[in-house]
Structures are given as structure tokens and as C-alpha cells.
Amino acid sequence: MSTVRDYVDSRLADWRLEGQVPRADWQRFADLVPLAADRLAVVDSMITELLGTRDIGLAGTYAINEICARLLRLTNADDLLPAVGSGQLRLALALTEPGAGSDLARLQTAVSPGPPAMLSGHKTFIANGTIADLFIVASRSGDGGSLPLIDLHVLRRDQVEIADLHGVGAQLMRLADLRIDEVPVAETRRLGRPGRGFRYVNRVLTFERAIVGCLAVRFARVLLEDLGTYLSEREVFGAPLIEHGFHRLRLGDWWAEQRVLARALDRVVADIDAGTDLWQDVFALKVRASAFVIQLAMGLQHVGGASDWIDGGRWARVVDDVRWLTLAGGVVEVLQDRLARDALAPNGPPG
Amino acid sequence: MAERSEIIDRLTDVARAELGLAEDVELTPDTDIREVAWVDSVRLMTYVEAVESAFAIEFDIEQLSGEVVTNVGKLSDLVAEKVGR
């Protein structure tokens, strides 16, 4: 096995049957892949490589781990990075709560005053929740009134109650529900400065949203390549589908959008690695790219029609696998709202 | 120790950059930032961090409350306390 693709291609079918990448295989994967990368460009490159398998869940479970590793860097928890890099530790980020979404100002997970101080709460839709060794849990810190004062605690797998949200998420990146029931704070590790979790989460959400952009834009390219192949091979009324003007025009339209989004993505990746990113660019990328790849997947399902259904619904599964992209990094509607408000603000949007 | 007016001038610059405060709006000690700019909890924290960066200070968590952050006079007093140390 000379490359990560060679290894992944040899194991992917088994992983799909199991619904996850087994621990031993993840450590082998870590031998081939630069985990806990410090540059988004590296993560984007690896996402592109993994999406060659056509499995966005695989790329997603890798990406979630990288997002969490980024958070460890931001909070100077570098001592954990070697174990993450070697594949010994897999990570999950627990922000979202039932009824609160990712609105940090409405978190209910909190520490009781004690003594002893106890952490309790309920998190849901946690990507990598079924496989993580460590969970980075956001909790309300003190009483800042309208200010979202947040703490981040690292909990071990044996400190939380995990429930697999069957059928939610992608094939190889399932989502989980977490219950945290009076875990002594002294037995957790707090990341960063007290009450300043918002700063770290805000920065890592920028990274996460850009990664959603990577996943969406790079996967869109893969889907378009597959669509081109399909349209060239499938014949209807004596001619390949690509010869029918409707399909060619639609394919051209989709390629145009993918190209524009790819350029925007390259710009965002470079800006984030240089520390010069604008939140409006990241939000816009995430909003448009996630919507586009879902629209594209649905379009492919439509084009595939009965033959896709007969062939096992490959593109129907793709539609299911990409839906979570609109949730990761904050639901799209929240980002749209902020973009609109910013555009309406007295000084207007940049550019 | 920084003059209060100077601090408020710099807070105004931060508010323009972070909260979209209009060019023709000037902050005064009595200003509630929520009445002159679009503010939600996320933007409020971003504003706090921008203020810290602008003055090269770090607030203690115990000092931060919505009331202090949204009232320009109280926030400028807190900044003056930090800068004057």
C-alpha cells in the first residue's frame, strides 16, 4: 500500500459495513495522513484526496477530527496533539444542544457551583460522537447576563453517555447524542482561559465553516465528473444523454458555479492560513457551497432516475450523505441572517 | 492614565469596525451600544475581544457583564482601570 488512497480503497467496503472506521484502521490511516495539521490548505488537500473515494462521510470524520485538533492548538493544549496525530485519540466537539442549536448564548450545559463543582448537560447531533475518545464540551460559565461566557472542558468517553442517532449523518460519520450527568469538573480538563470559550469556539467555527466549504466544493467537482461520465455513457433514443441540449446546458451551469465556488474557496483557505480572513467571506462560502452540493446531489438523483433506483440508489444515498453540511458550523439560516444584517448595517458590506 | 474621552474615541472606532456603527454617530458615556448598532450576543463578545485587542488588555471574567459591556461609560471606566495598571 503506497498511498492513503490505496489503503482506503482496500478497506472502504468493510468500513461501510461497520458504519465507521475501526480504531486499528484509524491508526493505520494516521500513518499515511498528516493528522492534526496546522494549515487549512493541508486539510483541504487531504479532503480532496479522500473525496476521490466518493464517500463524503469518510472525509467528514477526518475533517471533524482536524477541527477539534485546531481547537486544541488555539487553547494551547498541544500536549494532546501527538496522540491525535498518531491516531491514538479521536476527537469530537460538543456544542449543539436540543432547542438551542449552536447558539452559545443559550447553552444549558453548565457547572453547578459545588463544592464539588459538577458538569451536567445534554448535547446532540455530535459528529464523531460514536467513535471519539475525547469530547470537547462547551458549557455556560458563570452569569454574564447577555454575554455568552463559555468554558470548554475535555471529557473522556467513559465520562459521558453516548447514544447513536441512527440514520442521522453520513454513512461513515454518524452523529450522536451525549448526556453528561454530574461529572466532577476536577476530573475534566478545561481548555483555555475561564469564561473565554467563546473566543476559541468562534475561531474554530471559522475553520469548520471553511472546511464545510472544502467538503462541499471538492465533492461537487467529484459529482460533476461522475455526472459527465454518466451522461456520456447512458443512451436514450439512440444518443448519449450529453447530446441532448438540456443536459449539456445544465451541466455547464453547474460547472460554472463549481468553478466560481472553487476560486472563492481557494481565497478563503489562503486567507485563513494567513490570518486575514473576513467572516463574511467564510459565511458566504459555507451558505452557497453547502446549498450547491445538495442541489447538485438532488439533480444527479433526478438525472439518474429509474436506473439509479435499480442500481441501488447510489445518488439517493449521496443526497442523504450531504444534507448534514447545512448543519455543520451553524445552520445556514443563522449565517444568512447575519450576512443580511451586516449588509444592511450603516457601513454596509465589504467589497 | 488614558483620558476617558480618548478611550471613548477608540471605543467608537472599534464599534464602527465591529458593529457597523454609523459614521455620523458618536458614542457618549450614556450611550447604550444596543441602541446605536446591531448587537446580538455573538457580536457583543466579538466587540469585547476587539476592545481588548485595541487597548492591549484582558478583562477578567468577573468584570464582564452585559450591562458593563453595553454601557459606553462603564466600559470606558473598566478600560481605564486596565490601562492604568
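**Entry 1: salt bridges overall**

I count a salt bridge when a side-chain nitrogen of Lys or Arg lies within 4 Å of a carboxyl oxygen of Asp or Glu. With that rule I searched the whole structure, which is a predicted model, and found 29 salt bridges over all chains. I then picked out a few to look at one by one.

**Entry 2: two pairs in helix 1 of chain A**

I started with D9(A) and R5(A), whose side chains meet in a salt bridge at 3.2 Å, N to O. Why are these two about one helical turn apart? I checked their positions: they are separated by about one turn because they sit four residues apart in helix 1 of chain A, residues 4-18. I also looked up how open they are. D9(A) is partly exposed at 42% relative accessibility, and R5(A) is partly exposed too, at 23%.

Next I went to D14(A) and R11(A), and found a salt bridge with the closest N and O atoms 2.6 Å apart. This pair also lies in helix 1 of chain A, with a spacing of three residues, again about one turn of the helix. D14(A) comes out as partly exposed at 38%, and R11(A) as partly exposed at 22%.

**Entry 3: where chain B meets chain A**

I turned to the interface and counted 21 residues of chain B in contact with 22 residues of chain A. The area buried between the two chains is about 1900 Å², and carbon and sulfur atoms give 57% of that. Which residues of chain B lose the most area to chain A? They are W38(B), M45(B) and I61(B), and together they make up 32% of what that side buries.

For polar links I found six residue pairs in polar contact across the interface, with both residues at pLDDT 80 or more. I noted which elements give two or more residues to the chain B side: helix 2 (41-55) and helix 3 (66-70) of chain B. Helix 2 gives the most, with eight residues. Sorted by class, that side has ten nonpolar, five polar and six charged residues.

**Entry 4: salt bridges between the chains**

How many salt bridges did I count between chain B and chain A? There are four. One of them pairs E58(B) with R193(A), with the closest N and O atoms 3.1 Å apart.

I also looked at R199(A) and E49(B), which form a salt bridge with their closest N and O atoms at 3.8 Å. R199(A) lies in helix 6 of chain A (residues 197-233) and E49(B) in helix 2 of chain B, so this pair joins two chains. Are these residues buried or exposed? R199(A) counts as buried at 14% relative accessibility, and E49(B) is buried at 15%.

**Entry 5: strands of chain A**

Last, I followed strand 7 of chain A, residues 173-184, which pairs with strand 3 (residues 118-127) in the antiparallel sense over seven bridges. Here M118(A) has P184(A) as its bridge partner. Strand 7 also pairs with strand 6 of chain A (residues 161-170), antiparallel over six bridges. I found A170(A) standing opposite M173(A), and a hairpin of two residues joining strand 6 to strand 7. A reminder to myself for viewing these: in a regular strand, side chains alternate between the two faces of the sheet.

Technical notes. Residues are numbered from 1 along each chain as its sequence is written. Chains are lettered from A and ligands numbered from 1 in the order in which they are written. This is a predicted model: local features need pLDDT of at least 70, side-chain atom pairs count only at pLDDT 80 or more; totals for chains, interfaces and linings use all residues. Side-chain values use heavy atoms; hydrogens and water are left out. Contact means heavy atoms within 4.5 Å. Buried area is the accessible area (1.4 Å probe) that two parts lose on being put together, summed over both. A polar contact is a pair of N or O atoms within 3.5 Å; within protein, one must be able to donate a hydrogen and the other to accept it, and residues adjacent in sequence count only if both atoms are side-chain atoms. Ala, Val, Leu, Ile, Met, Phe, Trp, Tyr, Cys and Pro count as nonpolar, Asp, Glu, Lys and Arg as charged, and the others, Gly among them, as polar. Buried means under 20% relative accessible area, exposed over 50%, partly exposed in between (1.4 Å probe, protein chains only). Two strands pair if DSSP finds at least two bridges between them.
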